[in-house]
Amino acid sequence: MRIRILLLVVVFLIGASEDSHPAGLRPPVKTLTFAVGGAPSELDYWEELLRDFTARTGIPVELLRQPTDTTLRRQTLSVALLARERDPDVFLMDVAWLAQFAASGWLAPLDPYLGRDGFSGRDAFFPRILELADTWQGRTVALPLYVDGGILYYRTDLLRKYGIPGPPATWEQLKEAALKVQAGERRDRPGFYGFVWQGAQYEGLVCDFLEFAGADGGVETVGGQVIVDTPRNRKALGFMRDLIHEHGISPPNTYTEMTEEEARAFFQEGNALFERNWPYAWSLHQAPGSRVKGVTGTAPLPGFEPGRGTACLGGWHIGLSRYGDAAAEGARLIGFLTSREVQKKLALRLGWNSGRMDVYDDPEVAERLPYYRELRAVIERARPRPMVPYYSQVSEILQRRLNAALAGRLSPGEALAAAQREIRDVLSRYD
Amino acid sequence: MRKDHDLRELLKGYAFLAPVCALLLAFVFLPVAGTLLDSLHRDVTFLPRRFIGLGNYRSLASDPGFWQSLRFTGLFTLVSVPLELALGLAFALLLEHPTSARGFLRAGVLLPWAIPAAVSGRVFELIYNVQYGLANALVTGIGISEGPVHWLGTSAGAFLALVAADAWKTTPFVAILLLAGLSAIPEDLYRQAEVDRAGPLQRFFRVTLPLLRPVLVVALLFRTIDSLRVFDLVFVLTGGGPGGSTTSLSLYGYRFFVGGDFGYGSAVSVVLFLLAFMLSLLYLRASRFGREIA
Amino acid sequence: MSEERRIRILYTVGAVAMSAFCLLPVAYMVLVGASSRPDVLSAETEVRLTARHFLEVLGTGSLHFPEYVVNSIVVSGLSAALAVALAAPAAYAVTRLELPGRMSFLFLVLAVSMFPPVSLVSYLFRMMSALGWINTYAALVLPYTAWVLPLSLWILTSHFSRIPRDLDRAALLDGCGRLAALRKVMVPVAAPGILSTAILAFIFAFNEFLFALLLTTGRNARTIPVGIALFEGLHGEIPWGMIMAAATLAVVPVILLVLAFQRGIVAGLTRGAVRE
């Protein structure tokens with residue numbers, strides 16, 4: 001008897017929970033949901049933007065707050081999409097795992113909406129990015145909301161002090177300049193280093209590696225093969241290792257602790273001549289209280305030959321869930337968020353690098369963010385990491401082996417050969 | 001007629017067991033079997049499902065990430081379990097001592113156990129915060145280290161942080177177990193030892209420990225199995241980092257699930273399952289529960 | 001110094017150390033939750049107590065915190081109730097009826113408690129996904145009930161085996177059926193044990209993490225442990241004040257339970273694993 005009552009209670013509560021299966025007691029309520037993560041202050045601004053959207057279109061949107069961490073954001077999205085949940089309808093994806101989402105069939109094509117009813121056309125966005133990252137099997141499955149590329153920060157005052165004409169165009173020039181300035185500055189600042197970058201065992205290391213390897217190196221996906229072990233890559237990895245161990249212009253904790261924030265803090269304290277980081281660091285370097293305020297310059301990253309440098313493509317892309325219940329409304333939201341007006345707002349307010357090309361020519365934006373014009377050229381030449389669905393496995397292999405080489409446990413040749421072997425094993429699982 | 005009655009009784013008895021069996025079958029055994037089956041397939045979100053036999057396991061054998069997580073899980077268990085047993089024994093001895101504060105002490109000791117691991121994980125995340133965490137305040141205050149320690153930024157620091165947090169969370173449970181064992185030791189034996197002029201230390205080693213052995217073994221096996229399957233704390237406190245150095249087997253398998261590779265993740269979890277299963281067989285032998293019911 | 005005195009000093013020192021060890025992190029959590037700044041321990045900052053974080057956590061709709069609390073309490077309560085309701089008849093049958101195979105049954109149930117959750121969760125996910133139950137109470141209640149059944153069964157079996165057979169034999173002789181005997185005789189006598197079993201089951205279900213992480217996606221069914229793990233707050237970089245305030249609020253139910261039922265919990269836990 002008691003069991004029967006209990007079962008009734010259970011059944012009732014199953015039916016009563018809002019997210020019911022259509023066979024439940026209440027009919028499903030259709031709402032447009034938008035999932036995004038980021039710093040809490042960013043999320044506040046999203047609320048503001050969404051209110052603006054609702055005011056204009058009359059479509060209510062619910063903001064689903066996600067954590068800041070990119071791995072957590074991926075996990076929460078994956079679970080919802082694996083279960084074919086109705087929420088979220090619209091969400092942001094890190095370009096690093098965009099390929100897996102696309103290949104899994106989770107993204108609804110946006111082609112039917114492009115260029116119609118206020119929705120921008122393909123030509124508004126960086127064509128290379130659209131082609132390399134947002135197109136899957138001939139269809140547009142995402143749009144770049146925020147794009148990123150590594151740049152070189154440098155101390156204008158120090159370059160002037162030591163008579164160096166300008167930022168380096170080659171890695172060799174960077175090394176020479178760093179050695180010179182470091183020798184001089186060490187007298188007053190024993191903890192001064194020439195060049196800080198990200199070498200800890202995490203995703204950022206792969207980005208830095210691609211940038212060191214430059215336009216003639218990097219990871220190629222050719223005919224179903226992923227090639228990492230090339231002479232140019234070996235040279236780049238050797239150079240990275242030498243920066244730490246042989247020339248001593250990068251701190252010893254580069255391969256144990258240096259991530260974006262560590263490097264930024266290091267440079268911001270005035271302890272470095274050069275810094276490799278994403279553009280976000282600019283406004284922090286210029287914030288009150290920063291020791292490098294007003295003396296920081298930006299430049300594209302050098303290469304082994306002049307003009308052969310590159311930037312690793314980062315950023316977040318916006319997509320529409322294939323399983324959502326508000327496709328048309330979701331598309332309108334995407335159109336709104338990728339419009340020139342909103343993209344400009346995001347640039348001015350959050351310092352975001354737009355995926356639209358016209359925002360970079362806007363005078364107001366250029367005034368607030370002086371590196372923007374230069375950034376456009378950087379973005380246009382930026383190279384993505386391999387856009388394959390199993391990229392996270394490839395990345396883990398690379399992180400481990402590259403870091404081992406930086407630590408001196410493996411030679412660059414051994415590290416890349418081992419990485420190539422392991423990547424081939426992974427690929428054989430996915431053929 | 002008696003036989004009919006007995007038969008009816010028997011059937012009724014099984015009917016009483018049936019709901020439990022059904023629930024466990026549906027939500028435990030079936031999922032385990034399903035996971036085992038999945039591990040024999042190439043099951044990825046972006047490719048069709050295909051039977052590959054032991055293919056996933058072969059890949060596991062040459063996967064450095066898997067071995068790293070196995071090593072971490074083993075080392076973590078090896079370090080934290082003896083620590084928790086020793087601490088738990090100390091706590092149990094303290095809790096057994098008759099005082100008026102015993103109830104309060106027990107409630108206090110139960111708190112770490114009662115708080116969800118995920119929640120205590122975040123508290124410890126703050127405790128190990130470089131700038132203003134409690135750990136660095138203590139360490140620099142006492143003078144063990146001049147500057148702040150990057151606990152969660154190095155593999156050694158993260159490992160220690162996890163062991164400490166885990167010890168904090170699970171020592172109460174061990175203590176309670178051992179407490180029950182302690183209270184079961186007859187007073188006469190202690191009195192006998194006192195008559196034989198045995199000091200407190202001798203009493204401990206001659207009376208307490210030997211009689212506590214069965215409970216200790218139970219606690220040891222229980223905690224070992226729990227340590228092997230650690231997930232919550234690692235997920236929240238270190239996220240498996242830095243550089244994957246504190247990734248437990250559970251976390252490693254979980255990563256593949258949310259990365260879309262169900263086949264491979266299932267293989268990892270099957271390995272963990274087999275480890276836990278072998279240990280649990282030992283546990284069942286040691287706990288001798290049969291005598292209780294007969 | 002006499003041995004007795006030495007022991008007493010040792011004991012006091014030990015008891016204080018033990019209490020400090022157990023309570024210090026909890027106290028720190030509450031302190032940071034109630035402070036205006038997270039760096040309360042550094043000598044330069046002035047400590048100012050505030051209830052701001054608690055109010056923000058409870059009052060901000062988009063954080064969904066009160067919903068997580070409700071979800072946790074309902075799911076854990078249902079699981080505990082269901083587990084006890086199913087375990088009681090089973091314990092009765094095992095202790096009172098000489099059922100052949102009852103050993104294997106107990107063995108099997110015991111084994112279940114050793115399974116790593118990660119070895120079940122992926123298939124459970126697909127099961128719940130196929131049923132459309134992801135992010136509903138059903139997705140959690142049923143696996144949780146299965147999860148806490150072994151513990152409930154052990155403890156109840158232990159309790160029931162201590163109740164003299166004569167008691168329910170008398171009821172049977174009076175013409176009661178087995179279930180009635182269970183209800184009228186065993187349950188009242190074992191009531192305290194049943195209560196502590198339910199409380200233990202509640203606590204275990206409340207603290208569960210991995211299933212909740214994968215089987216829920218949002219405020220409809222997400223539980224507190226997952227909510228706290230993913231908590232990001234409203235302002236600042238990592239809003240420790242708010243996270244600690246949320247953590248404090250989150251553990252209030254279990255702390256109350258522990259304080260109120262400390263004796264029963266201890267008894268239950270020891271019954272669960274130790275034989276006399």
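This is a predicted model: local features need pLDDT of at least 70, side-chain atom pairs count only at pLDDT 80 or more; totals for chains, interfaces and linings use all residues.

Reply: Let's start with chain A, where the pair to look at is α16, residues 391-407, and α17, residues 412-429. Two packed helices are described by the angle between their axes and the distance between the axes. For α16(A) and α17(A), the axes come within 9 Å and cross at roughly 165°. Angles over 145 degrees count as roughly antiparallel, and α16(A) and α17(A) are therefore roughly antiparallel to each other. As for handedness, the crossing of α16(A) past α17(A) is right-handed.

On the α16(A) side, the residues in contact are A:Gln393, A:Val394, A:Ile397, A:Leu398, A:Arg401, A:Leu402, A:Ala404 and A:Ala405. They meet A:Pro412, A:Ala415, A:Ala418, A:Ala419, A:Glu422, A:Ile423 and A:Val426 from α17(A). By class, this contact has twelve nonpolar residues, one polar and two charged.

Step back to the domains. The assignment for chain A puts 29-147 + 314-380 in domain 1, and 151-310 + 390-429 in domain 2. Between the C-alpha centres of these two domains of chain A there are 29 Å. Twelve residues of domain 1 and twelve of domain 2 make up the contact between them in chain A. On the domain 1 side, the elements of chain A giving two or more residues are α4 (95-103) and α15 (372-380). That side of domain 1 of chain A splits into seven nonpolar, four polar and one charged residue.

On to the other chains.

Chain C itself has eleven helices and zero strands. Its C-alpha trace spans about 75 × 70 × 35 Å along the principal axes. Of the 276 residues of chain C, 57% count as buried. And if you take the contacts in chain C between residues at least 6 apart in sequence, 75% join residues at least 24 apart.

Methods
Residues are numbered from 1 along each chain as its sequence is written. Chains are lettered from A and ligands numbered from 1 in the order in which they are written. Helices (H or I, at least four residues) and strands (E, at least two) are DSSP runs, numbered from the N terminus. A residue is buried if 20 or more other C-beta atoms lie within 10 Å of its own, exposed if 12 or fewer, and partly exposed in between; C-beta atoms are placed from the backbone. Two residues are in contact if their C-beta atoms, placed from the backbone, lie within 7 Å. Axes are lines fitted to C-alpha atoms, for helices over the stretch in contact, and angles run from 0 to 180 degrees between N-to-C directions. Angles under 35 degrees count as roughly parallel, over 145 as roughly antiparallel, 65 to 115 as roughly perpendicular and the rest as oblique. A crossing is left-handed if the near helix is turned anticlockwise from the far one by less than a right angle, and right-handed if clockwise. Ala, Val, Leu, Ile, Met, Phe, Trp, Tyr, Cys and Pro count as nonpolar, Asp, Glu, Lys and Arg as charged, and the others, Gly among them, as polar. Domain bounds come from an automatic or database domain assignment.
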